[in-house]
Structures are given as C-alpha cells and as structure tokens.
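Dear colleague,

I am passing on a structure for you to look through, and below it I have written out what was found. Please keep it open beside you while you read.

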Amino acid sequence: MTLSMKITILLLGLIPALARGVEAQDIPQAFIGAKILPVEGAPIEKGTLLVHRGKIVAVGPVDAVAVPGDAARIDMTGRVIIPGLVCTHSHLGGIGGADSSAPIQPEVRILDSLNPRDAGYRRALAGGLTTINVMPGSGHLISGQTAYLKLRRAGTIEAMAIRKQDGSAAGGLKMANGTNSHREPPFPGTRGKSAALVREAFVRAQSYRERLARTGGDAEKRPARDLGLEILVEVLEGRRVVHHHTHRADDIRTVLRLREEFGFRVVLHHVSEGWKVAGEIAAAGVPCSVILVDSPGGKLEAKELSFETGAILERAGVLMAYHTDDWITDSRLFLRMAALGIRGGLPPEKALRALTLAGAEILDLSSRIGSLAPGKDADFAVLSGDPFSVYTRVLRTFVDGEKVFDLEDPADRLVAEGGYGALSDATPFLCCHEDETR
Amino acid sequence: MSLAPEAGIVRLPAAAPGDDGSSEPPGADARLSDTTRYRVRYLGDTRMRILILAIGLAAAEPATAQIAVRGRLVHTMTGEPLRDAVVIIENGRITAVGPAATTTVPAGTPMMVAEVVTPGLIDARATAGLTGFLNQKQDQDQLDPTDAIQPELRAIDAFNPDDPLVAWVRGFGVTTLHTGHAPGALVSGQTLVVKTAGRSLQQDVLVPAAAVAANLGPASFGKDRKSPGTRGKQVAMLRQELLKAREYAERMASSDPEKRPDRNLRLETLSDVLAGRLPLLVTAHRAQDIRSALRLRDEFGFRLLLDGAAEAYLLLPEIRAAGVPVLVHPAMQRATDDLVNMSFTTAAALRKAEIAIALQSGFESYVPKTRVVLFEAAVAAAHDLGPEAALAAITRDAAHILGVADRVGSIAPGRDGDLALFDGDPFEYTTHCMATIIEGTVVSTGRR
C-alpha cells in the first residue's frame, strides 16, 4: 500500500468520526416517537428525548417537548428508550488486581491493569450497558480498588474513568468473605480467621488515622505514607464504599458486624442467601448488588441461590441492583437477569430500576446517571421492544450523547451476536484523541 | 413509575420495521403463545393459571396415572398447534389429543388447565445427574482422569436421579435428558437417555447406552503421558484405538473359539461404535476439530453426532453433505477457549442449511452448574432460529436424533405422557413453567 493510499484511508476514516463528534457536541439531537421509560417519572408512551453536548436537555411527551429548529431529528417510532444500564460488579477489561502475596492489598488499583480496547467493553455496549464498576476478583479478603467506568469508545482508560469532583478516579474497595479467599497461609483458612485479619487491618488503619490527625501539621512526626492504610482510612471516613462479595447468610451477617464496628459504607454483592436475612439487611440500611445464575449450586455457598432474592430484598425495603459479574454472566444478557427477577416476583418497574438508577445510587452517581432526566448524562439504550422480552434486541447504545453501539453496523452486530473474531480487541480509534483530555 | 398499565400486564408498542432504516429483529413475529404479545405475569398475580380440578392428584400412582390437560394452545409437534385442546393420558401414555369441544374426557379424570402446553422438553446433551449440585469432588462423576480413552465407563453406573439439579431442570419442563460423561478426556465414557422423574433407573431409563462421548480440541488435552497434548496426537490416538477395536471385532467374529480374544470392555464398546450399534458423540468446537471428526467418520464409517460445534457455521456444506446431526452448544455458553468464536445464531445457521439440530444444556464446571435447555432454546429462538424451530429442537427433533421419537418429543396417542405446562410463551423470560408431567404423573408444580 502506498503512503498516499494510507493517508486517504485515514482521512476517510476520519470523516464519520468528525461527523459524529459534531453531532454529539454541537447540534442538539431529538429522539422522537419512542416509548420512553425514564425510570424517574412515569413511562411516556410517545416521547421525545432531547440531548445536547452530552447531556439530557428534556424528556417528555412528543407534544410537550419543544425541539429546537437546528436539532437533528431522529425518528424512534416503535422503539423503546431506557437509561443506559449500570452494572455494579463487572470484571471486564483484562483485570489484574491483588496478587498471591497477601490476602489484604488495598493499595492495588484495578485501573492500572485495564485495557480500554478490550472486546468485553464492546460486548457490554451491545447489552445496553453504559457504566460499570470494574472490580478485582474475590480470592482475597481485600483485593484492591475498583474503577467506575463510562463505556466511552476511548483510547485510554483515563478517558473512561468517571471522575469525582476533586478530579480523582471514582471507585470503591473490593472485599470478600466466605470460601473464595481461603487458601494456604498467609491467606486465611477459616471464616473466623478471615474476619480477624480484616479486623486487624482496620484497627491498624484506625491507629494510622489517629496518628495522622495527632501529628497533622508536623512533617517530622507524620507516619510514613502507606498506600494501603490510606485507602482503608478513606473507607473508615466514608469516602470510599466497600463492595463486599458475600454469599451465605452467616457471611452476610459478618459483613454487617464489621460494618457496625468500623462504621464503613458497604454494598453487599451476590448475596445468594440474602433472601434469608432480608430484614436484617434492610434494618442496617445496606444496599445489595444481586446476581442470578440459571441454577443454584456449583459452589457450596450458592446452593440456596434463588430467582426470588431480588423480589424479597426489594419488598423488605433494601436498595437492590443486579450485576453481571461478567464473565460469570454475559453483559449482552444483562436485561435478561432482571427479567428472571420478574419471573421471581419482582415488579417490572423495579426490575428496570435495579438495572439503572439503583446501580447509580450504589455507585454514588445518581446525580449524573441512572435515569432519563434533564441535566443528567445522555446515556441511554434504544430497544426494539419490551425491555424484558427475550425477543427484544438492543438496537443502539449512547454514552454522553454519542452513539457507541449500533446493531446496524456490521462490526457491532458481530459483537452483539457473536461469530468469528467477535472477541478480538478493538483496533485503535481515530476519533478519540480529544477524549483523552476529558 | 409503572411499566404496567394494568396489574401484571405490560403492553408496549410493537416495533415497526424499517422506520429508521433498520429492520425488525428476526424471529420476533412468530410467538409460541396466542396470548397478548407482551404479557408479563409475576408472583402475586391472582388469576389462576392452573386449575387442578380433582383432589388427590398427587396420590395418583405412576402405573395407573390418568390425567387430562387442557391448553389454550397445545404444541403437539405433529402439525399446527391446536387451540383450546385437551390431552388425555392413561396408564402413563397419551391416549387422545384433540379440540376440547370434541374430545371426551373420561369421567373422574383429573384436569389441569394451562395457557400453553408442550411435549416434555428434551435436553439433547447434558451432564446433569453426573455433575452433582454441590460441585465437590465426591459428587463429580462426569470425568475420570486416570486414562485418556475409557469408552467402557457407563453413564448408567454414574447417573444420580436424586441430584437436585435433575429436579431443577424438571421444574422447567425438562422430562428427558441425554446425559453422561463430559468433556475433559479424549474418550470420557458413555451417555444415556433418561427421564428426569427421579424414580428408579429401571423406570426412568430410555436408552441405557446412548453414545460414546469423545472430545477433540484442547479441552481434552492432559499433562500426564497418557493424555494427548496436541490436536494431531489426539486424532492419532483415537484412530489407533478404533483400529484396535476393528481388529478385536474381527478376531471376536472368528468361527474358531480358540482364536477369539478375551473380552475387553474398552474394545468391545468401540467395536459397537464401529458396527453402528452406538454413535460416537464428538464434542468439537473449532472448525479444524469438527473437520477431524468428519474425517474420522469417513475413515471408519461410524454414526457421528457432532456436539457443541461452535464454529459449525464455517462448515455448513460439509456437515450438510455428511448428513450428520448437530447438538448445538448452549446459546449462552461462555465465549471462552474453544468457544471464542461462538455465536447466538449458530443454531439458526445450521437449521437454515437443512442440518438436523437439537439444543442442549452442555457441561459447566462452575456456576451455573447446569444450564436449563429451555433458557438456551429461548436465546436461540430470539436469534434467528425462531420459536417454532427452537421448540422442535428441544422436543421432536431432539427425539429423532436420539432415536427415541417413538416415546417422547411429541404429543400423540401412544407416546409417553410427558408434558410441560406454561402460563405464556415458554421462551419468554418472564413466563413460568407451571407444571411438569412425566408418564401421567405430575412431577413438578409451582410458578418456576
């Protein structure tokens, strides 16, 4: 290939990218005629979703939303628009968290291991996901810091990371109890030892915090910086949420005890036996992130897993979201999980909330994402029908007003349906240099 | 906010094809239910889906089980679905099926009513009953790692009818399993066809030895010296063993008893494969492994059942020409390792190429420990296969491939009284299986 041919191809590649950029940033986009399920507020049978500069400007019935004259009008008749799905527990992106050297490694950041071009992120977009909490695994008591990501088609992980107001990357801390973290020393071999090791770590963090407070301005007396203890101090001060893997009812109670002892904010993840202790979870005011798989068992802690867990927790008043745990379940089938929750007794509107706003609340992001409301990020999915019908497909996914998945695009369709090369990591984008500075 | 304008019912506008240049997803038109298209029901719904009109139903003896089932839609799989039809089961067998208006139900027959009735579902390739619920060493009987080729391991000696996962799939309308030894060895053992009733094996088994399970590709590589470490080696080992079995059979056929070898269970089983008495079920996902299976079949002339076959869409003409049926991997099986190129649409592609297919729950080493073939068929149905073909792939067509179509897979007089009752389109995520009947006995009830 000659150089000029290469340049021509590069330029041809840039045209749609530039066009998309213009569309997303400068011209308002009006999605007109769809049934809109905003999650906050009643369903709109025939609505308009108005989006500009990555944010939702207006959402309402077609005859109630004024579409600016310069807006791009996109006919959505017959479609269903829902907020982008929020997955509170995912392992996509080639995660590499804590290693096998110790059971407690809060200093490890999952962000430092992720590949923004990982094919898994495109699979997630094909499922209508727009925000995910990427976590290290459950083989440690504390396996590291998690990363809240927007599934922007970006070239760097920094451009995908959701920022807090101070500019730092948003995320929680992954913890686990039960059998997954039982191994040879220095790992624990029993539940009692697991809790003791965690308690010891937080007691150490309490002392560290006290010494920091005591010696505050005096650089000479300050304790040496300890990355792990600094993170645990964030947890003690409620500035970082603990995402806690836990299945069995007694393990759930142990988490609730530790939480009471150290006062941290915690989300219970998986909670296979959460239905047994729904009242206690509700009384503690602790949210749950639930997984459903197609049969109970497969491990001792999941032998009483139930399709009804979500419904029971919801009825008890627990803030309840679902998660994919991808690769345990496939992000392309995330809508299905909540549909199985409906099968288990969850009202459909609660099921949709459990895929969107509830997850946003769990990640402290509900002011920005999780529902279709003016001022929120323009993250949404366009469906061919009822969100919970097997026959429905995700047709398009938008993040920050930008179309990031389109079933009509052959490359996206390959990812959505599978096939030869579907899981190849994405080639670099020509579109995303500006994103890196976001 | 409510998705439901009426309690328990969701009605959404039907997607209109082509209005923004895109097309309606395939398979979205035909539904298996004649009820409202977007009807969603859930626990707490006060409308009764099932009426058991006689008391003492549970006490009915299997041997004399007599029951009638009335369905608003009955998928007999012998023709068009029947609207408002009755199925009558006496002594464990179906004795009549026809319109409710003209079919006489014998006096005193207990009656169940459901929106949708299908034949009891057939899982064309499972490991349930061998891969136990708890996934602990003591309940995993699907694979013995001590040798690479062990066709003499019989599934009937390993199948546990009481395993909770057998009951689990039964709760979703699955009445017949083709289950047995799993991937992980070059030849891992035999399979059987069995009902999920959880009775004695004498009562439940349809085919005690259904196939010999072989596995091509890295999933059956091993680190020990007995196991193959490459694709070339594993085919060489299989070819060598089949040649040994051929010679064994020839010597066994000798008219001079002195010249006959001692019985060898391993070679005896493989000689059954060579003689066409047992099919060789080959689990192969990558295209090169599927081709190896086809080559071995051409060379030895055995009956081949292709299993898994994730890349079968690359070899449609070859598979079609060979006339080999395919037990397609679960649609939701994870796209890892040999399944990296799997597609939700493979079953549809095979069907379109006029290749006989059946669907399956497959083998899982972790969670979920078993998949549910009803759920897998649902995803295939929604990805181009269509609900009618998907239902056939877990009833009639599966029965034909497994050689048990005279007993199960359709609703017709003389067939086993195996039925699944649903409160809507069986493939909708939010539909419930309301009851499962095996040979006239209600073996599962409840909104599952």
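**Between the chains**

Across the interface of chain A and chain B the rule finds one salt bridge, a salt bridge being a side-chain nitrogen of Lys or Arg within 4 Å of a carboxyl oxygen of Asp or Glu. B:Asp384 forms a salt bridge with A:Arg393, and their closest N and O atoms are 3.4 Å apart. This is a predicted model, in which local features need pLDDT of at least 70 and side-chain atom pairs count only at pLDDT 80 or more, while totals for chains, interfaces and linings use all residues. Residues are numbered from 1 along each chain as its sequence is written, chains are lettered from A and ligands numbered from 1 in the order in which they are written, and side-chain values use heavy atoms, with hydrogens and water left out.

In chain A, 59 residues are in contact with 71 residues of chain B, where contact means heavy atoms within 4.5 Å. The area buried between the two chains is about 5,700 Å², of which carbon and sulfur atoms give 61%; buried area is the accessible area (1.4 Å probe) that two parts lose on being put together, summed over both. On the side of chain A, the residues that lose the most area to chain B are A:Arg343, A:Val390 and A:Tyr391, which together make up 17% of what that side buries.

**Within chain A**

The side chains of A:Lys150 and A:Asp377 meet in a salt bridge, at 2.7 Å from N to O. This pair links distant parts of the chain, 227 residues apart, with A:Lys150 in strand β9 and A:Asp377 in the loop between α11 and β15; helices (H or I, at least four residues) and strands (E, at least two) are DSSP runs, numbered from the N terminus. A:Lys150 counts as buried at 2% relative accessibility, and A:Asp377 is buried too, at 8%, where buried means under 20% relative accessible area, exposed over 50% and partly exposed in between (1.4 Å probe, protein chains only).

Helix α8 of chain A has A:Thr309, A:Gly310, A:Ala311 and A:Leu313 among its buried residues, and what covers the buried residues includes α7, β13 and β14 of chain A. Another residue of this helix, A:Glu314, meets A:Lys350 in a salt bridge (3.4 Å, N to O), linking helix α8 to helix α10, with the two residues 36 apart.

**Within chain B**

Chain B has 10 helices and 15 strands, and 60% of its 448 residues count as buried.

With best wishes
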